[in-house]
Structures are given as C-alpha cells and as structure tokens.
Amino acid sequence: MSDTLLAALDSNWSAADPAALTPDHAARLAELEQLDPALVALYRRGSEVLAGAADANALRDRHTALLGRERGVITLGLAEMPKLSVDERKVRGKALNLVKRWLTEVHDARREAIALEREAADALDVTLPGRRGFTGRPHVLSQVRDDLLDLFHGLGFSDLHEPRSGTRRVQLREAQLRSGPSGARRARHVLRGPDVVLRTHTSPGWVRAMEERKPPLRLVFPGRVYRAEAVDASHMDQFHQIDGLFVDRNVSMADLKATLNTFARAIYRADLPTRIIPIYFPFVEPGVQMDVQCVTCSGTGHIATADGGKRCPVCKGTKWVEVLGAGMVHPNVFRAVGIDPEEYTGFAFGMGLERIAMGRYGIPEIRLFLENDLRFLEQF
Amino acid sequence: MKLPISWLRQWVEYDATPQQVAEALTTRGFYVEGVELHGRAYPGIVVARVLEANKHPNADKLKLCRIDAGGVELKVVCGAPNVAAGMTVPLATLGTVMPNGLEIKRAKIRGEESEGMLCSARELMLSEDHSGILELTELFAGQELKIGSPVDTYFPEPDAVLEVEVPFNRPDGMGVLGLAREVKAALGGRWTVRAQAMLAERAKAADTFDLKCEDAEGCPSYFAQVVEHVTVGPSPSWLVRALEAMGQRSINNIVDLTNLVLFEFGQPLHAFDLAKLDGPAIRVRRANAGEKITTLDGKERELNTEALVIADAKKAVAIAGVMGGETSEVSASTTSILLECAWFQPARVRRTSKALALSTDASKRYERGVDPAIGSAASARFLTLLLELCPGAKLGASRRVHAELEPRTLTLRPSRVTRLVGLPFAIDRCEELLRALEFGVTREGVALKVNVPTWRLDCTLEDDLVEEIARSNGYDKIPEAPLHTGGAYATRTPRERVVRRAREAMLARGLNEAWCGSLVSESEALAAAEALGDEPKLVRLVNPMSREGEVLRPNLLPGLLRACAHNLRQGASAVRLFEVGAGVLDRGGRLPEERLMIVALVTGQRWKHTHDTIGALKEGAYDVRGAVDFHDAKGLWEAWLSEMRVDSPQWRAYAAAGWKPGASAEVAVGASRIAWAGTLGQSLLRQYEIEVPVHAFVALLEPMVEAASATPRAKVPGRFPSVRRDLAFFVPRATTHARLHECLGGAAGEVLRSIELFDVYEGPGTPEGMKSLAYALEFQHAERTLAESEVQEIQARMVAAVARDCGGQLRER
C-alpha cells in the first residue's frame with residue numbers, strides 16, 4: 001500500500017528530519033506502527049520531504065503531491081478504500097486521517113519557518129541614518145525671554161511692548177524724573193537720530209503705562225535697548241532687558257524681595273543663595289541690587305587650577321554675581337505721572353537677558369548672541 | 001575709590017577684620033569690588049652696599065660697581081650718575097620681576113658682566129624720581145639696615161586696600177572721611193582722638209588778599225591763603241606711601257599734600273605759584289568767549305562762556321574745579337604759594353568737564369557735589385601738614401568768600417518706613433539709625449524732625465531717609481511677603497501670542513531662530529528697503545559707533561543676510577534662519593514707524609541627510625539630494641501661512657530690485673499685501689559676498705495680530721460620501737495655476753470640497769503653445785449624497801469655464 005503511494009512522490013526530493021518541526025515525531029511513528037503499519041513508510045517519507053522543502057515553491061509542490069485535493073497521496077489512499085474489508089476500512093480510514101492531519105501540521109510548521117527565514121534574510125541595517133529633514137532651535141535669548149515671561153505671567157504680570165525709539169520729549173521727561181545729574185551722565189550713552197532717541201532702558205515703559213492705566217498695575221516690559229558703546233567681548237551697542245512694575249496700595253520691599261527670590265529660584269536654582277543690597281538708581285528709592293552666589297566658584301571666590309588655584313574670574317573673588325537692579329518707585333516718578341505716592345506704593349525691577357543667559361549656560365562672550373553662528377545656536 | 005585700612009584706622013576705632021569692613025560697606029550700598037594687599041611688594045630686591053664704583057672700561061656714562069649683597073660680592077653695571085662707593089642701595093637680584101614686569105637677567109653690557117640691577121625710586125614705583133639710585137638710608141632714616149636682607153623687611157606691614165564702588169549719589173564717599181563715617185555707623189565705631197582734632201580744625205581767614213568772586217552762582221565759596229617761604233621738594237616716605245596706596249604717584253611735597261587732602265576729605269585743593277599770579281589777585285569769573293588757557297597737561301584749551309575760570313589780575317590761571325593752568329604751576333623754584341579751597345556749582349563743573357572732554361580727580365568730585373562745609377577743616381589740615389613739612393614756611397595774606405548754608409530739615413514718619421520696607425520700625429530705632437549716620441534728630445509727636453548733614457546732598461525727601469534706615473538696618477532683615485495677586489491676573493498681549501506662534505511655526509519648518517542687530521549700514525538698508533518696495537526713508541543715527549551701524553534696519557533682511565554669509569564662510573552646507581523683529585522707517589509721523597515682521601532665509605541642500613544614490617536622474621526630475629529651489633522654499637512659507645491660519649493667501653508675481661527676475665512673489669489677503677517671497681537677486685547677495693541662491697520670505701505680523709483676536713466658529717464635518725475626480729486641462733502656456741485654480745473653483749461652486757494640483761506637463765502630446773495642468777477634485781454636499789448626474793453637470797460647467805476664461809480645454813485620456 002505504502003509503496004504504491006510512495007511511488008507518487010519524487011524520490012529526488014530533499015529530506016530533512018521533521019523532529020525540529022514536530023517534537024513528538026517518534027511517538028507518532030510508534031502510534032502509526034500500532035494502528036496501521038502499512039502507512040508508516042508513507043508518513044515518514046512525507047514528513048521528511050515537507051521538512052526538507054527549501055523554499056515556498058518546493059513546499060507548495062510537495063504539499064500538492066501529498067495533500068492535494070485532487071491527486072494528493074492521501075486522496076489516492078482514500079480512493080483505494082472500497083477495496084478493503086469493513087474492518088480494514090475502519091482502521092485505514094482512521095489512520096489516513098491521522099496522517100493527513102499530521103502532515104498538514106508539518107507543512108504549516110515548515111511554511112512558517114520558511115517565512116521567518118526569508119524575513120531574516122531581508123533584514124535592514126537599522127543603524128543606517130534616516131532620511132532626515134532640518135530641525136530648528138529657538139534662539140538662546142528667546143528661551144530665556146520665554147522662561148522669564150512665563151514666570152512673570154505666573155506671578156500675575158502681563159506683558160507690554162513699547163516702541164524702541166522715543167521722542168526727545170519723552171527722553172527729556174525721563175531725564176527730569178531722574179533726579180540730579182545722572183540723566184545727563186547717561187545721555188552720553190544715548191544713540192539718537194535727528195528727531196528721536198533710541199531707548200537706553202526698557203524703563204520708559206513704566207512711565208507710559210502709569211500715565212495710561214490706573215493702579216493696580218502688574219506689568220513686564222521686554223525689549224531691545226541701545227547704548228553708544230564700542231563692541232567687545234563684554235559690551236554691545238544693543239542688548240535686551242525686561243523691566244517689571246508692580247503698583248498697588250501697600251506694596252513694600254518685602255513684596256519686592258519675595259518676587260525677586262521667586263525669580264532667582266525659578267530661573268537659576270531653588271537652593272542658590274541670593275542677597276539683596278542697596279544701590280543707587282535715580283528712579284527708585286530705596287534702590288536694590290540682587291546678587292546670586294557665583295556659580296563658577298560655588299561662592300568660594302577661588303577656583304582650582306594646576307598651580308594651586310586663583311581668584312575666580314567671574315565674581316572677581318567677591319563670591320557674588322549681580323543679576324538685576326530694582327527698587328521702590330521714586331515718589332517723584334509717581335507725582336510726575338499723576339499717582340499719589342501717599343496712596344500707592346510700588347516696586348520696579350530690570351534685568352538683562354544676556355547676563356542671565358551667560359550665567360546660566362556659561363557663555364563667555366556677549367558678541368556671540370547676535371552673530372548667529374549655527375554652531376552656537378544649535379547648542380541650545 | 002580706594003580705601004586703605006591703615007588710613008581708615010587713623011579716623012575710626014572699630015573692631016573688625018578688613019573682610020568684615022568690606023562686607024559691612026557692601027551691604028550698606030558701597031560695593032567693595034576687591035581687597036588687595038599693598039606694600040612689601042619687592043620680592044628679590046635686597047639691601048646692598050656699593051663697595052666700589054669705577055668707570056666702565058668701554059662706556060663713558062656707565063659705571064662698573066662691586067656690590068656687597070650680604071656676604072656675596074657681585075658685579076653690577078649701572079648708569080646712574082649718583083652711584084658711589086659707600087651708598088646703601090636696593091639691588092634687584094637675578095630673577096627678580098620688577099614692579100613694571102621686567103625680569104632681571106644675567107647680562108653682558110658693553111662687554112662687562114652684570115649680575116643684577118641697582119634701582120631708582122621710579123623703578124620701585126615709589127615716586128617719579130629717576131635722577132639716580134635710591135639711597136636707602138634716606139628712605140628708611142632711623143632704621144638699622146642689614147646688608148643682604150630683603151628691602152620688604154623695612155617697609156611697614158602690608159596694608160589691606162579696599163576697592164570701593166561709590167554710588168553716584170554719594171560723593172561724600174569719594175574721601176576716606178566719608179567712608180569712615182559709614183564704617184563707624186556700620187560697626188558701632190568711634191572717631192579717634194586724631195579724627196576729632198582734624199574735624200574740629202578751622203582755617204582762619206583775614207581780609208588781606210585781593211579776591212573777588214564775580215560769579216556767585218558758579219562759586220558761592222572760595223578761600224585763598226598765601227604761604228610764604230615754602231621749599232618745594234620730594235615728599236617724605238609716609239606721604240609717598242599714603243598716595244601710592246590710593247594709586248597716585250608722588251610729584252612734590254606741595255602737590256602731594258593737596259592730593260592727600262583730596263583723598264582724605266574729598267575736598268579738591270589747588271596750589272598756585274604766587275609769583276606767577278599777576279596782582280597777586282584772584283578773580284573767579286565766567287570765561288570770555290574764545291578765551292584760551294594751557295592746562296597742566298600741556299594742552300591749550302578754548303573755553304566757552306559757560307566755563308568758570310580762576311583768573312589773576314590779567315588772565316585765566318585755572319579752569320575752576322577741573323584743572324590748573326601751566327603758567328602758575330608749582331615748580332622747584334616756587335617759594336610762595338596760594339592755596340585755593342573752593343566750592344563750585346556741580347552743574348557748571350560738569351558741563352565744562354564734558355565740553356572739554358577732561359575729567360580729573362577734582363572735577364569728578366565737584367560735579368557730584370563736595371561737602372560745602374568741609375573746606376575749612378580740609379584747608380586747615382593742609383596748612384598744618386605743610387608747616388610740618390616746611391618748617392620755615394609762614395602764612396601770608398588770606399581771604400574767604402562764603403555764602404551761608406541753608407540747613408535742610410525733613411520730616412520722617414516711622415509709619416512710612418514700615419509701609420515701604422515691609423518690616424515694623426519703632427520711632428526709637430529710626431532715631432538710633434539716623435543718629436549713627438550723624439543726622440540731627442528731634443521728636444515731633446509720632447514723627448521725627450531730621451537735620452540733614454551738609455555732606456548728604458542726596459537726602460532731599462522723606463523716602464531718602466527711609467532708604468537710610470532700610471540699608472542701615474540691613475536689607476537681609478527684610479522678610480519675604482507671601483506672593484499674592486490681589487485679584488490681578490496676567491494676560492498675554494495678542495502681539496506676544498502671535499509672535500510665539502510665528503516662531504513656533506517657523507521652527508517646525510526646520511529653521512533656526514536668529515537674533516540680529518538693529519543697526520546696519522546705509523547701503524544695506526537702502527537695498528533691503530528697495531526689495532520690499534519701501535520708499536527708503538531711513539532713520540539715521542547722528543552719533544553712530546561705526547559705519548556698519550549708522551541706520552536702523554528698515555526690515556530684517558540685512559541682519560539675516562549677514563548671518564547667512566557668516567555661516568557660509570564658516571563652511572555651513574545649508575543655512576536656514578529666521579528672525580522676528582521690527583523694521584523701522586520714517587513715515588513722517590511723530591515717531592518712526594516700527595513694523596513687526598518675520599523674515600526667513602533658506603539656502604543649501606533639501607534634506608539634512610539622505611543617503612539615496614543619485615543614479616541617472618531624468619531631466620527635470622526632483623532630486624532629493626539637490627539644493628532648495630523656489631518651490632521647496634514656497635512650500636515652507638505656505639505651510640507657515642497655513643499654521644498661522646492665514647485664510648486663502650493670494651500669490652502673485654512681484655518684481656523689485658533685490659529679487660531674481662521672475663522668481664519673486666507677493667502674498668495678499670483680500671486687498672492687503674502681507675508677505676513677499678522669492679529668490680534673492682545677485683546684486684543684493686553680492687553685497688554680502690554670497691554666491692549661492694538664497695530664498696527669502698518676509699511676512700508682516702501686525703495684520704495677524706489683528707486677526708488673532710477673532711475666535712473661529714466650529715463647523716461640523718460633512719457626513720455624506722464625497723466624489724473624487726481627476727481632471728487635466730490644456731491651457732495656454734502663459735496661464736497661471738492661480739488663474740485656472742480660481743476659474744475651476746468659481747465654476748464648481750459650494751460642493752467643491754478640495755482641489756489639489758498634482759501634475760504639470762509639457763511635452764509630446766501637448767498642443768503647440770499649451771501646457772497641461774492636472775487637478776484632483778473632491779465634491780461633497782453637506783446634506784445629501786451627490787448624484788452622478790450632478791457631478792457630470794459640475795464637470796461640464798468647469799470645462800466650459802476653462803474654455804471661456806482661460807482658452808483651455810479638457811485633456812481627454
């Protein structure tokens with residue numbers, strides 16, 4: 001029986017041990033030996049050629065020969081059945097169905113294996129770079145500006161934008177507000193056109209805001225300012241400031257201190273020591289300077305070098321670095337804009353974006369900011 | 001201002017280290033920038049004796065000396081005329097680095113070995129004296145000198161010198177006395193006996209000198225004192241060292257004393273050679289128009305009538321408060337001097353100093369304000385010291401002109417202090433702190449009546465006293481009040497919102513953000529203004545710092561082009577940059593017009609990275625490895641406009657200088673132009689030495705700020721199936737996509753949901769003079785499913801419209 005069926009299979013077909021595909025191969029052969037020994041050779045050969053099929057085409061041919069609906073070996077075997085006795089038929093029918101199921105399993109397992117082998121052969125070099133477009137980075141000063149505006153918005157300060165040029169009249173009034181000689185002293189640093197002057201501070205913003213609005217006021221004024229300065233590593237003729245103004249009943253230096261310390265914690269580090277000390281600015285009284293501990297030397301005033309250490313070049317050994325100027329709005333400023341200094345008090349502060357960025361990122365030269373070298377911009 | 005601790009201790013008794021003094025001054029508003037040790041600065045220089053000084057065999061002016069350097073005998077070549085056997089001199093041994101930085105090395109001078117250098121006073125930076133080698137037995141008179149020991153041994157202990165940044169409103173801090181007052185208040189110190197004596201001294205004046213103040217406004221107070229039989233000569237070492245600690249070199253005993261008093265009291269003094277004064281008389285008056293004077297620095301200066309001069313009977317001899325004249329300078333031959341101690345109007349000194357561009361130690365103090373009451377004590381101190389230095393000197397004629405000082409009285413409410421500082425202050429505490437600073441205080445109910453000391457010119461308002469109390473008490477004692485908003489809430493201005501969105505949308509296109517300078521050259525500005533068709537009314541600076549920054553930028557093109565050129569020079573293969581900022585033009589208004597805009601530039605390859613092989617490209621095929629072209633760039637700008645929610649922007653050809661002909665466009669929304677885009681022209685790029693094509697985009701943000709306030713209304717997407725059709729048309733070559741697009745849209749009507757160009761073709765099969773444009777169309781009705789017949793009808797309308805309006809026809813398959 002088996003022999004005639006076997007003759008339908010190509011004897012040149014490659015064979016392989018199906019045990020890798022069906023772990024219970026030996027048990028199946030034993031079971032078949034018991035049930036219908038005539039089919040053992042068929043199953044052995046059939047499972048071996050399925051397991052030995054090299055690719056999908058070979059497997060399909062062998063599947064057709066073994067399990068094909070029309071001319072497959074199993075179909076042929078079933079066709080022989082009427083020749084058998086009733087008892088033989090029972091056994092043979094059961095055995096053929098068993099062989100059919102098992103061969104199908106071997107076939108499916110082999111088909112799966114061939115698919116996997118093929119995918120493995122087509123594997124990509126996933127380490128090759130992708131087709132990549134360009135990425136854009138915001139300017140480092142934009143990032144600092146955004147951080148500051150976000151912070152101050154959170155503290156209830158709205159932003160206001162002022163023109164960068166003002167008339168002589170505005171600047172003159174500003175100079176008058178600055179008691180005494182400092183207005184004239186500063187005038188040396190003013191860049192001006194025939195009829196206009198470029199602002200040297202963002203502070204003129206306060207004057208306009210206080211003239212046009214009623215307290216309470218909580219505002220920040222970001223912008224570019226100009227000075228008649230020769231450009232070098234630490235000076236620019238144009239740079240950026242953010243001024244802040246808070247006017248209400250009973251605003252005190254304690255509110256100012258809280259605002260400045262919140263700024264330092266958010267923009268620098270929560271545990272970075274800060275201090276405020278007196279300083280003179282013409283449009284505030286009392287005036288305040290805020291310092292943060294020098295990050296370069298960790299507040300020691302010295303840095304280690306190969307030959308035993310030297311004075312910290314950033315804080316010059318003072319252990320502190322100035323970050324901003326502030327103070328209580330001068331009563332003369334209030335009077336000039338029609339606010340009663342007995343009813344309202346307020347504070348103002350002003351800080352430079354470049355100074356903050358330089359401290360935060362260790363940028364050594366102020367010139368780098370407006371040079372726009374991509375190798376610089378892309379770091380941030 | 002330098003503050004030597006030794007000098008401070010002559011004035012105040014206190015118990016603190018120099019570091020603690022520095023800390024106290026800093027926290028009171030006198031920022032101490034550093035503490036330096038001064039003195040004993042001569043490592044390597046030893047006391048030596050000259051054993052023999054013989055003529056150098058090969059040089060007439062040199063001497064060959066045998067030197068005893070303490071058990072070692074050295075040969076030294078010396079050029080000084082005074083060197084002689086038996087002198088005790090400073091010897092710089094081999095390897096010494098001199099104060100000026102020169103290192104002493106073994107040398108052969110005219111064939112003779114020299115194993116060191118004998119030093120003059122100037123070489124040790126002790127004085128200007130370079131006439132000969134310093135005789136140490138004179139410098140250290142009374143000290144026993146051991147040959148071979150370091151000279152540092154004989155100098156006093158090193159002195160700590162504080163470098164103090166004096167606040168602009170505190171000119172009293174420009175003298176040791178003023179800083180001593182702060183230290184005294186800060187550390188609870190006391191005046192020394194010597195200080196009390198110096199402050200109590202008064203220079204007496206007779207009415208015997210011919211002095212007239214003809215300009216009482218400019219000079220309310222002037223004291224003139226003649227001193228006869230003075231001997232001009234070198235200063236004693238204590239005086240030399242005192243000035244040296246202040247960074248001032250010794251000149252001669254008279255000038256040194258005026259400087260000493262200047263540094264100590266903050267009161268400038270001037271000494272004239274009496275013999276050179278015509279009269280002798282002093283007239284303080286306005287300068288005559290065009291009046292000339294040669295100042296001590298040897299420069300002739302022309303004065304305006306605003307300047308105040310000190311004149312004698314005939315001519316100007318000094319510029320008041322700024323600098324003395326050369327003709328009346330004290331010199332070695334001077335035997336009598338006239339001392340000037342005056343108070344000049346700060347504004348007048350300031351204006352003169354500025355007009356002459358001449359700033360001196362005196363003018364710096366006068367223009368900020370000298371204590372108007374200190375003159376008498378200061379001149380008394382000068383005269384006392386002068387009589388000590390020149391025992392034969394005698395006081396001669398004198399006169400004082402003096403305006404009475406108005407006392408300044410302010411009222412201080414402790415409640416105001418509490419309110420401004422945010423910390424409760426009792427009236428006793430306020431009184432205590434003000435008294436420590438020598439304010440006169442009397443009680444008046446719940447307030448204080450405060451007499452302001454003459455030297456505190458900065459205190460004119462109650463709030464100035466609040467600051468005195470706040471800083472004396474210490475800013476570190478101020479608490480942090482809990483943050484509260486009092487009902488206020490922050491809003492972002494529409495402008496700030498649009499700026500942020502504009503930046504983010506451009507960053508998303510893979511462009512880096514630049515921040516460029518606003519000041520550009522005139523030629524750059526003109527070219528940039530022209531590119532946007534703006535009348536080039538630039539805003540010029542009258543005092544530019546350089547030619548590269550003489551005008552305000554009319555738009556942001558120049559800065560970005562500079563940045564682009566810079567990066568190309570640095571070897572960048574692609575540059576993609578944008579900036580948001582204001583362009584400034586004079587539009588005849590009260591202020592220049594500032595237009596908020598975004599400007600972007602792209603050049604270089606299309607992708608940051610691809611590794612596809614190029615292969616043989618079909619002509620005109622899109623090469624992923626190629627450089628960005630007009631339409632790549634336009635795609636970026638269209639995507640940006642779309643992210644900015646610009647509703648149906650209209651692109652039109654635009655021509656202006658600065659752009660490549662035929663490759664520039666303007667973008668309009670409705671009737672207003674909002675943007676420009678295109679490839680920049682050679683002439684513009686050449687200005688920046690850029691040799692590759694650069695594509696630019698300029699968009700005005702103000703219209704978007706206005707539009708941003710509108711809130712969009714939601715629309716529910718259609719739920720009925722849409723119908724798609726691809727249609728291609730032959731149209732005359734000159735017909736633009738925009739034209740055809742508009743024609744198709746108009747003909748299709750409301751049910752047209754989208755229309756996208758997908759192919760442009762010209763070649764075999766296209767009729768002569770025509771091109772083919774193919775569109776993917778999608779139709780959808782809001783309320784029902786479209787019937788095939790309806791779509792057919794729409795299509796027929798479109799074909800008819802194309803034929804009528806564009807002279808085109810449907811391209812049949």
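**Reading helix pairs, a sheet and an interface**

Guide: In chain B, helices α7(B) and α10(B) make a right-handed crossing. Keep in mind that this is a predicted model.

Visitor: How do I read a helix pair, and at what angle do α7 and α10 of chain B pack?

Guide: Two packed helices are described by the angle between their axes and the distance between those axes. Here α7 (residues 253-265) and α10 (residues 375-389) of chain B pack at about 145°, with axes 10 Å apart.

Visitor: Which residues in α7(B) and α10(B) meet?

Guide: On the α7(B) side, they include Ile254(B), Leu257(B), Val261(B) and Phe265(B). On the α10(B) side, Phe382(B), Leu385(B) and Leu389(B) are among them. By class, this contact has 11 nonpolar, two polar and two charged residues.

Visitor: Now the other pair. How far apart are the axes of α8 and α9 in chain B?

Guide: The axes of α8 (residues 346-356) and α9 (residues 361-368) of chain B lie 7 Å apart, at an angle of about 135°. The two helices are therefore oblique to each other.

Visitor: Is the crossing of α8(B) and α9(B) left-handed or right-handed?

Guide: Left-handed. Pro346(B), Val349(B), Arg350(B) and Ser353(B) come from α8(B), and they meet Ser363(B), Tyr366(B) and Glu367(B) of α9(B). The classes are three nonpolar, two polar and two charged residues.

Visitor: On to the sheet. What is the strand order in chain B?

Guide: Strands of a sheet pair through backbone hydrogen bonds, either parallel or antiparallel. In chain B, five strands form an open sheet, ordered β6-β5-β4-β7-β10, with antiparallel pairing.

Visitor: Which strands stand at the edges?

Guide: β6 (73-78) and β10 (117-118) of chain B do. Each has a single partner strand, so one side of each has no neighbour in the sheet.

Visitor: How many bridges join β7(B) to β10(B)?

Guide: Two, in the antiparallel sense; β7(B) spans residues 88-92. To locate the pairing, find Ala92(B): its bridge partner in β10(B) is Met117(B).

Visitor: Last, the interface. How much area do chain A and chain B bury between them?

Guide: The size of an interface is often given as the accessible area lost when the parts come together. For chains A and B the value is about 8,000 Å², with 55% of it on carbon and sulfur atoms.

Visitor: Which three residues of chain A supply more of its buried area than any other three?

Guide: Phe134(A), Pro278(A) and Leu374(A). Together they supply 10% of the area that chain A buries against chain B. By residue count, 99 residues of chain A contact 90 of chain B.

Notes: Residues numbered from 1 in each chain as written. Chains lettered and ligands numbered in written order. Predicted model: local features only at pLDDT ≥ 70, side-chain atom pairs only at ≥ 80, totals over all residues. Heavy atoms only, no water. Pairing = 2+ DSSP bridges. Helix = DSSP H or I, 4+ residues; strand = E, 2+ residues; numbered from the N terminus. Axes fitted to C-alpha atoms, helices over the stretch in contact; angles between N-to-C directions. Parallel < 35°, antiparallel > 145°, perpendicular 65-115°, else oblique. Left-handed = near helix turned anticlockwise from the far one by under 90°. Contact = heavy atoms within 4.5 Å. Nonpolar A, V, L, I, M, F, W, Y, C, P; charged D, E, K, R; others polar. Buried area = accessible area lost by both parts, 1.4 Å probe.
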